[in-house]
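Please look through the model below before reading my points. They are meant for someone new to it.

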Amino acid sequence: MHYISPVLWQFLEKFLSRLPLFPPEASSIAPYSDAFFLYLLLISVFGTMVVIAMVVSFSILYRKDRHPEAIQIEGSTLLETTWTIIPLGLFLIAFVWGALLYFRIYNPPTNAMNIYIVGKQWMWKAEHPGGQHEINALHVPTGKAVQLTMISQDVFHSFSIPAFRVKREVIPGRYTTVWFEATKPGTYHLFCTQYCGTLHSQMIGEIVAMTPDDYQKWTAGSTSGSSLAQNGERLFASLGCASCHSGSADAHGPSLAEVYGGKLQMANGSVVTVDDAFLRDTILNPTMHQVAGYSPIMPTYQGQVSEDGLISLVEYIKNLNSNYRVHQTLNTSHVETVAPAAPAAGQGMVKQ
Ligand code: HEC
Ligand SMILES: [Cu+2]
């Protein structure tokens, strides 16, 4: 991904980081995003200059007292080809470069650790798998890919960390994700960049990037004693999910052990990958995804579980191993991904 010569890059970085208008570059993606931004800026400036230069020089060269009589020119293939090919080339570079960057920004590395973010009027809540809660603050380790799974409790918000060149819509009813890898320890701004009501401008916070050691200390020091998955386990019992999803053969519902990350056959013939969004949707609206081989007896939990509760349930199901026990996730910095289960009879499972 080194699209720009390192020497030129060092020069530009020095120049940019002294410019107070420009936020610091504190994530792995920031230099790439800035390089591209600079390219777009430069071709725009170049284009503007060319136009201004021609407007000024032509008005002097072809002013009325020098050319009282207009001369008709019937076109020039060379000229027209030039002004077509050059901009086309510049735009194609922008397209390819932008597309490569886009894929990098929108595809989190598979080993990324996951943190949940809930936006609401007018605050940001962060929930670490280890059970640490934060409001208007987010602690992350440097040198590690962090993925945020985000949702809004009310209206549209937008989660933006300028120093990381990260910005993503936070939408009611749907999980969105964003990822970054912080490179420099420090404290950075967090903004809501979508007008979301009266106190929108106060929906701000702090991103604290810490060295992995400091981060370990922070997670150990701020744990509430039970992980998200353990909270989820309690909800799973209190909401009555356990009665149908006990994992035993005579239960009314399918076993949820190790379903996460695998594929399920739906009653309408389609095959769905079990991800966070799928789990959330089935809990709120079970008829939306009717699993093959089961009757539609699961009640809807719409209005009964908060977004935080849903996150705990999702985290619980995500971490269920085959014995219906939760993988311990008190430590945020290593979150296990559960291998998809082997297809069991009558379970509607399909092979990967
Ligand atoms: C009355 C029994 C019942 C209750 C209570 C119940 N479910 Fe279900 N659940 C089912 C049945 C039956 C299915 C399969 C058919 C379907 O998709 O509706 C299912 C499907 C699911 C699925 C789809 C994944 C899969 O492996 O099939 C998830 C996830 C799920 N339930 C989670 C929950 C959670 C979480 C709760 C509690 C908040 C809950 N269920 C409460 C009966 C129940
Ligand atoms: Cu907002």
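This is a predicted model: local features need pLDDT of at least 70, side-chain atom pairs count only at pLDDT 80 or more; totals for chains, interfaces and linings use all residues.

1. Residues are numbered from 1 along each chain as its sequence is written, while chains are lettered from A and ligands numbered from 1 in the order in which they are written.

2. The largest nonpolar core has 52 residues, and Ile117, Phe164, Leu313 and Ile317 touch the most other members. Such a core is a set of buried Ala, Val, Leu, Ile, Met, Phe, Trp, Tyr and Cys residues joined through C-beta atoms within 7 Å; buried means that 20 or more other C-beta atoms lie within 10 Å of the residue's own, with C-beta atoms placed from the backbone. Helix 8 (residues 307-318) contributes the most, six residues. The core lies between domain 2 (113-221) and domain 3 (228-318), because both give residues to it.

3. Around ligand 1 there are 27 residues, the closest being Cys241, Cys244, Gly253, Tyr294 and Met298 (C-beta atom, placed from the backbone, within 6 Å of the ligand). Helix 6 (241-244), helix 7 (276-284) and helix 8 each give two or more residues to this shell. Its residues divide into 19 nonpolar, eight polar and no charged.

4. UniProt, in an unreviewed entry, places the feature "transmembrane region" at residues 36-62 and 83-103. In the model, residues 36-62 are 96% helix and 0% strand, with end C-alpha atoms 38 Å apart. Residues 83-103 are 100% helix and 0% strand, and their end C-alpha atoms are 31 Å apart. Helices (H or I, at least four residues) and strands (E, at least two) are DSSP runs, numbered from the N terminus.

How values were computed: A residue is buried if 20 or more other C-beta atoms lie within 10 Å of its own, exposed if 12 or fewer, and partly exposed in between; C-beta atoms are placed from the backbone. Domain bounds come from an automatic or database domain assignment. Ala, Val, Leu, Ile, Met, Phe, Trp, Tyr, Cys and Pro count as nonpolar, Asp, Glu, Lys and Arg as charged, and the others, Gly among them, as polar. UniProt positions are given in the numbering used here, feature names are shortened, and annotations may be inferred rather than shown by experiment.
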